[in-house]
Amino acid sequence: MKTILITGATSGIGYALAKYYAKDGVRLILTGRNADRLQDIISVCRDQGAEVHGAMMDVRARDIMSPWLVDMDRRFQINLAIANAGVSGGTGISADGTDDEDERQLREIFDVNVNGVLNTVAPLLNRMRERGIGQIALMSSLASFSAWPTAPAYAASKATVRIYGESIRGAYKKDGVKINVICPGFIKTPMTDVNPYKMPFLMDADKAAAIIAKGLEKDKARIAFPWPTYAFAGFIGLLPASWALGLLSFFPKKPARTK
Ligand SMILES: NC(=O)c1ccc[n+]([C@@H]2O[C@H](COP(=O)([O-])OP(=O)(O)OC[C@H]3O[C@@H](n4cnc5c(N)ncnc54)[C@H](OP(=O)(O)O)[C@@H]3O)[C@@H](O)[C@H]2O)c1
């Protein structure tokens, strides 16, 4: 039986990934904070034939995450862990009138997107290295390729995750552990539903989940898509900083997180 852990499975891409993998012979370990949505995805996956274990878990709570992950891994030997949970926010005006990126938002984004990912990866990485097999996927973004004045903390958090993920792929390949970094463009989820602007090549979450799963199956170092957005992000990343900033400052601002 294949055991797959997905953090942030209660919504969007994580939810779609859980549905994609759910079938006979698969054991899913799903987390999120919203009890109703967690129950919903557990039921959906059980109906599709998977064995499902759900846990309400805040990825920032290292003291709880670490022993729980070790316990799950001891019981089930996790084959694939997808550190997906994340939040976003920018320097624009949100629905409740919040404007700009204050320290609360900056720290929340780093806590969830960076510390939350590390809290998921670290306890499992050591155990997988010890047994010489396993796979860990870290959720970054195409936003990781540039310094976005429209969403500074989000872009920086995703850049951190991408560089860390690609670095440990190189460091621990010899130990038999596969590490993959996922860099999606715009995917239609509650995270992007708040954006008051047209998003180029916006993709359905189920389609994104299928692309991600196929990339993981092939053990791709970087699963970046859709390609036109990836090409644009890569091009901006190659420009001198002042040119890139000049160009990116014309883009609409991502709304700040609501209070
Ligand atoms: N949508 C896009 O266009 C896009 C593009 C590139 C990368 N991404 C990345 O993909 C990942 C999923 O995003 P999404 O679009 O699917 O967003 P989403 O629909 O808002 O889902 C975010 C998920 O993360 C969970 N989460 C948030 N904070 C958490 C915390 N402190 N502890 C535990 N779980 C937490 C949420 O669970 P609860 O609500 O239950 O807490 C939810 O399941 C994120 O890392 C995001 O940055 C998204």
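Phe201 lies in the loop between helix 6 and strand 8 (203-204), where helices (H or I, at least four residues) and strands (E, at least two) are DSSP runs numbered from the N terminus. The model is a predicted one, in which local features need pLDDT of at least 70 and side-chain atom pairs count only at pLDDT 80 or more, while totals for chains, interfaces and linings use all residues. Residues are numbered from 1 along each chain as its sequence is written.

Phe201 is partly exposed, with 14 other C-beta atoms within 10 Å; a residue is called buried if 20 or more other C-beta atoms lie within 10 Å of its own, exposed if 12 or fewer, and partly exposed in between, with C-beta atoms placed from the backbone. Asp219, in the loop between helix 7 (205-217) and strand 9, likewise has a positive phi near 55° and is not a glycine, but Asp219 counts as exposed, because 12 C-beta neighbours lie inside 10 Å. Most residues other than glycine have a negative phi, and most peptide bonds are trans.

Turning to the chain as a whole, its secondary structure comes to 9 helices and 9 strands. The radius of gyration is 18 Å, close to the 18 Å that the globule rule gives for 259 residues, so the chain is as compact as a globular protein of that length; the radius is taken over C-alpha atoms, and the rule is 2.2 Å times the number of residues to the power 0.38. Along the principal axes, the C-alpha atoms fill a box of roughly 50 × 40 × 35 Å, and 44% of the 259 residues count as buried. Among contacts between residues at least 6 apart in sequence, 72% join residues at least 24 apart, a contact being a pair whose C-beta atoms, placed from the backbone, lie within 7 Å.

The buried residues of helix 2 are Leu38, Ile41, Ile42 and Cys45. They cover an arc of only 105° around the axis, which puts them on the same side of helix 2, the arc being that of the directions from the helix axis to the C-beta atoms. These buried residues pack against helix 1 (12-21), strand 2 (26-32) and strand 3 (51-56), whereas Asp36, Ser43 and Asp47 are exposed on the other side of helix 2. Just after helix 2, Gly49 takes a positive phi of about 105°.

In helix 5, the buried residues include Ala153, Tyr154, Val161 and Gly165, and what covers the buried residues of this helix includes helix 4 (103-131), strand 5 (134-139) and strand 6 (177-184).

Finally, 30 residues surround the ligand, the closest being Gly8, Gly12, Gly32, Arg33 and Gly86, where a residue is near a molecule if its C-beta atom, placed from the backbone, lies within 6 Å of it. Helix 1, helix 4 and helix 6 (190-193) are the elements that give two or more residues to this shell.

How values were computed:
Two residues are in contact if their C-beta atoms, placed from the backbone, lie within 7 Å.
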